[in-house]
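Please read the following report alongside the sequence and the model.

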Amino acid sequence: MGGSVGMSRRALVGGAAASGAMLVSARQGSAETGRLVERRPRAALAEAAFRDEGGAEWRLADFAGRGLVVNLWATWCPPCVAEMPALDRLAALVREEGIEVLALSQDRGGAEVVRRFYARTGVHRLGIWLDPRGAAARAWGVRGLPTTLIIDRAGLEAARLEGPAEWDEPALAERIRGLVVPGRGASDPTART
């Protein structure tokens with residue numbers, strides 16, 4: 001079974017479910033549905049390493065110039081499991097636009113646990129990324145699972161969502177594009193309505 005990010009599984013999953021906030025659109029000044037919270041001003045995340053399925057160490061800086069959707073999850077987390085198929089579909093929707101979806105497993109069992117989960121659930125577009133001791137999750141201030149960070153092309157955290165989401169819904173996919181790609185969509189304060 002998987003490990004934790006410095007707290008119990010109940011706290012991780014419960015904290016994520018209870019911490020949803022409304023996204024406030026700075027451009028429109030009104031609440032939108034969802035829990036995707038923009039970070040203003042945008043800021044770099046703390047330096048943290050994670051691993052690929054072969055054990056090689058990676059950092060967010062290794063993806064310079066690409067937009068990232070970084071999802072911290074675990075196979076033992078029911079809301080995480082529920083959102084993985086939609087996250088897998090999102091990867092296909094945004095890949096051509098230079099946006100990479102990184103699903104960082106918090107499972108201590110390593111790549112084999114994730115590989116079996118992907119095979120069992122039909123997830124085939126996501127790579128196997130590992131943060132088994134929760135070092136990246138702690139460094140990035142993750143309070144529960146699942147938590148997803150949207151990183152823009154400059155390497156800055158643009159937004160965060162605590163809890164599960166239907167990642168492949170057109171409105172959410174477009175919102176991610178707008179946050180990652182400068183000058184596109186509602187996240188651009190100069191965009192016309």
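## A loop contact and its surroundings

Leaving aside residues up to four places away in sequence, Pro-132 touches Ser-105, Gln-106, Asp-107 and Arg-108, where a contact means heavy atoms within 4.5 Å. This is a predicted model, in which local features need pLDDT of at least 70 and side-chain atom pairs count only at pLDDT 80 or more, while totals for chains, interfaces and linings use all residues. Residues are numbered from 1 along each chain as its sequence is written, and side-chain values use heavy atoms, with hydrogens and water left out.

Pro-132 sits in the loop between S8 and H4, and the helices (H or I, at least four residues) and strands (E, at least two) named here are DSSP runs numbered from the N terminus. With a relative accessibility of 27%, Pro-132 counts as partly exposed; buried means under 20% relative accessible area, exposed over 50%, and partly exposed in between, using a 1.4 Å probe and protein chains only. From C-alpha to C-alpha, Pro-132 and Gln-106 are 4.6 Å apart in space, although 26 residues separate them in sequence. Asp-107, in the loop between strand S7 (99-105) and H3, counts as buried at 1% relative accessibility. Asp-107 and Gly-134 are 27 residues apart in sequence, and their C-alpha atoms are 9.0 Å apart in space.

## Aromatic pairs

How many aromatic pairs does a search of the whole structure find? The search finds eight, where rings of Phe, Tyr and Trp (its six-membered ring) pair if their centres lie within 6.5 Å, and planes under 30 degrees apart count as stacked, over 60 as edge-to-face and the rest as tilted. Two of these pairs are set out below.

| Pair | Centre to centre | Angle between planes | Arrangement |
|---|---|---|---|
| Phe-63 and Trp-129 | 5.7 Å | 70 degrees | edge-to-face |
| Trp-73 and Phe-117 | 5.1 Å | 45 degrees | tilted |

Phe-63 lies in the loop between strand S5 (57-58) and strand S6 (67-73), and Trp-129 lies in strand S8 (residues 129-130), so their pair ties together parts that are 66 residues apart in sequence. Both Phe-63 and Trp-129 are buried. In the other pair, Trp-73 belongs to strand S6 and Phe-117 to helix H3 (residues 111-121), so parts that are 44 residues apart in sequence are tied together. Trp-73 counts as buried at 0% relative accessibility, and Phe-117 is buried with a relative accessible area of 2%. Ring pairs also link Phe-50, Trp-58, Phe-63, Trp-129 and Trp-140 into a cluster.

Helix H2 (residues 78-94) has 17 residues and reaches 25 Å from its first C-alpha to its last, close to the 24 Å expected at 1.5 Å a residue, the expected span being 1.5 Å times one less than the number of residues. H2 bends by about 40 degrees at Met-84, and a proline, Pro-85, follows within four residues; the bend is the angle between axes fitted to the seven residues ending at a residue and the seven starting there. Among the buried residues of H2 are Cys-80, Glu-83, Met-84, Asp-88 and Val-94.

In helix H5 (residues 170-180), eight of the 11 residues are buried, so the helix is largely enclosed by the rest of the structure. The buried residues of H5 include Leu-172, Ile-176, Leu-179 and also Arg-175 and Arg-177.

## Cis peptide bonds

Most residues other than glycine have a negative phi, and most peptide bonds are trans. The bond from Arg-40 to Pro-41 is cis, with omega near -5 degrees, and Pro-41 is found in strand S3 (residues 37-44). The bond from Leu-145 to Pro-146 is likewise cis, with omega near -10 degrees, and Pro-146 is placed in the loop between helix H4 (135-139) and strand S9 (147-151).

## The chain and the confidence in it

The chain contains five helices and 10 strands, and 48% of its 193 residues count as buried. Of the contacts in the chain with a separation of 6 or more, 69% are between residues 24 or more positions apart.

The mean pLDDT of the chain is 83, and 76% of its residues reach 70 or more, pLDDT being the predictor's confidence in each residue, from 0 to 100. Over residues 1-34 the pLDDT is below 50, and this stretch has 72 contacts in the model beyond near neighbours in sequence. The pLDDT is also below 50 over residues 185-193, a stretch with 16 such contacts.
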